[in-house]
Amino acid sequence: MEGESPEEYKAFAALHGAALSASEVPPLYWERLRHKLENEVFDAGEFFGIMQVEEVEEEEEENDDEEIEDELKKKPNPGNELCYKVIVTNENGLQAANPNSIFLIDHAWTYRVEHARQQLLHVPGLLHRMANLMGIDFHGEVADEGAIEQVLQEMWKYNQTYQLSQGTAEEKVPVWYIMDEFGSRIQHSDEPTFATAPLFYIPQQIAYTVLWPLRDLETGEEVTRDYAYGETDHLIRKCMLLPWAPADVLDVNCSTPEPSEDHYQAILNKNNEKLPVAINPPVYDKNKIFKVYTDLPQILNNLKHPRFEFTEDEGEADILYNFSHFKDYRKLSEERPHVMLNQFPCENLLTVKDCLASISRRVGGTEGPKWLPRTFNLHTELPQFISYFQQRERRGEDNHWICKPWNLARSLDTHITNNLNNIIRHRESSPKVVSKYIENPVLFHREDVGMVKFDIRYVVLLRSIKPLKLYAYDVFWLRFSNRAFSLDDLDDYEKHFTVMNYASGVTLKQVHYDEFIPLFEKQYPEYSWKTVQAEIFKAFAELFQAVSAKPAPFGICDYPSSRAVYAIDLMLKWDTTRDGKRTMQPQVLEVNFNPDCDRACKYHPTFFNDVFSTLFLDETNNCHVTYVV
């Protein structure tokens, strides 16, 4: 095109080429796409039109999977009376080889899930537009709770997602968006005529969806896309398409055995971890003073034990205590086998949520142990999860679930729902597990609020794998919700979550462990904390026995120079024994690597002295630790 310099195109390709290639946008279109983005050219109206169609009830035939997918092609937006198609209206049709055959679709609504309700309530015109787009009856000017609830349920049929690759953990939380009326009315087909992909246009810091043809189209042909694009497995496609084509998958066995050894080998390869060679455990003089190299300010400021001194030279250190994950254990074991460090090879089997669920099945079989909420990996166990969900639904059992990313902390991108479509679509953002939400938690009475959820954090010290030596720090930490618990308002963070120390403008309720125990026993006189804690430690023992039961990479590696500190977050739930007695059952929520020990240091100045003495000196006298296993 006249007036467009090769330099401008080169700069565009350098900025956006990787994203366009990943989305398989043919380079043929890139130059015209740059022009349309820079000049905000929305010319889809010159080529396409939206057509309203009447739904015709087809005669019922045998309901096999192929016919369900055929029905899907015939029934856009099932459940809505109004149905739309997008068709090619340009009298010359559309040629895939024409470099101009790429189009921009605007986004009507971009948001993060946790803000959706508030935006529908407060952004002028948003609820009205979304209700119209989704075929929801809403004519009022005032935000109506019923209409908002319907939009929050229906939006999972319209949502698309992308993630920013740079920024803070908060900024990397997946963004969801709904395309404008044109984009949202493009229907599904297993044999699509077009492809779409989100593109973040960096110069304007704005996201669009780009649309391009997969073949030539004549006037009157329908514009369709594949809602399960890229998935070839027939059963997984059926599961992914459930929001638009409801179907039973009750015939799928919902048991989830532990994954194969290949699964763990693939994790090791992906993490680029190199396992150590076998070494003899080093023997040290009993009066030796250990040089410690660390990048953790909490240790630099709080470790005062006379047998440890700091060094800034990593090469002369006896102990490496690092914040970031260590990868090359082989080199360390070959060149400096005497150097101890604060992590174990393959410890991600504990600290990453999908792995934690997998290895725990060594204790509880395919259902998992009773101390871990029933958990499914949405990436590898989607059909089993949907079958389990539908079976519970059929039996009238509680079906609240919590979706969590595999590897994020602080409750980021974590969502509670009883909407199956919501969970299925969350699989398209970051990798996630879905765990049964604890619908009957043991609650704590807060005088200012009422009965609230709480969770407990224990710090555990792993001294060795063979023999297995695990200690728990005698002090535990408590976190409380700020609103009385009930199984509603699932997007009310202060009712359903306990992590308040990272949210701005939110009250952080603190109760010290030695205040908590008498209060707890007063509220639950039939349950002594000693008995409850014994059950908690029993769960910890079983967990670490499971993760050390197999050699690396199928379990944590038995490396004699490794030590580690983990934080285990847990809740208590009500359970009933076979003879009808109510019990408090610990529920492990997650295991954290290198936990934040700020509160520990603040209230217990000897914390790191105790930790280092237990892990590196094998001296536990006067160290405020309890031997677990």
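## Ground rules

Here, "buried" means under 20% relative accessible area, "exposed" means over 50%, and "partly exposed" is what lies in between (1.4 Å probe, protein chains only). This is a predicted model, so local features need pLDDT of at least 70 and side-chain atom pairs count only at pLDDT 80 or more, while totals for chains, interfaces and linings use all residues. Residues are numbered from 1 along each chain as its sequence is written, and side-chain values use heavy atoms, with hydrogens and water left out.

Helices (H or I, at least four residues) and strands (E, at least two) are DSSP runs, numbered from the N terminus.

Strands pair if DSSP finds at least two bridges between them. β23 runs antiparallel to β24 (residues 582–593), with 11 bridges joining them, and tryptophan 574 sits opposite methionine 584 in β24.

## Salt bridges

A salt bridge puts a side-chain nitrogen of Lys or Arg within 4 Å of a carboxyl oxygen of Asp or Glu; the count comes to 36. One of them joins arginine 34 and glutamate 8 (3.7 Å, N to O). Arginine 34 is in helix α2 and glutamate 8 in helix α1, so this pair ties together parts 26 residues apart in sequence. Arginine 34 is buried at 4% relative accessibility, whereas glutamate 8 is partly exposed at 35%.
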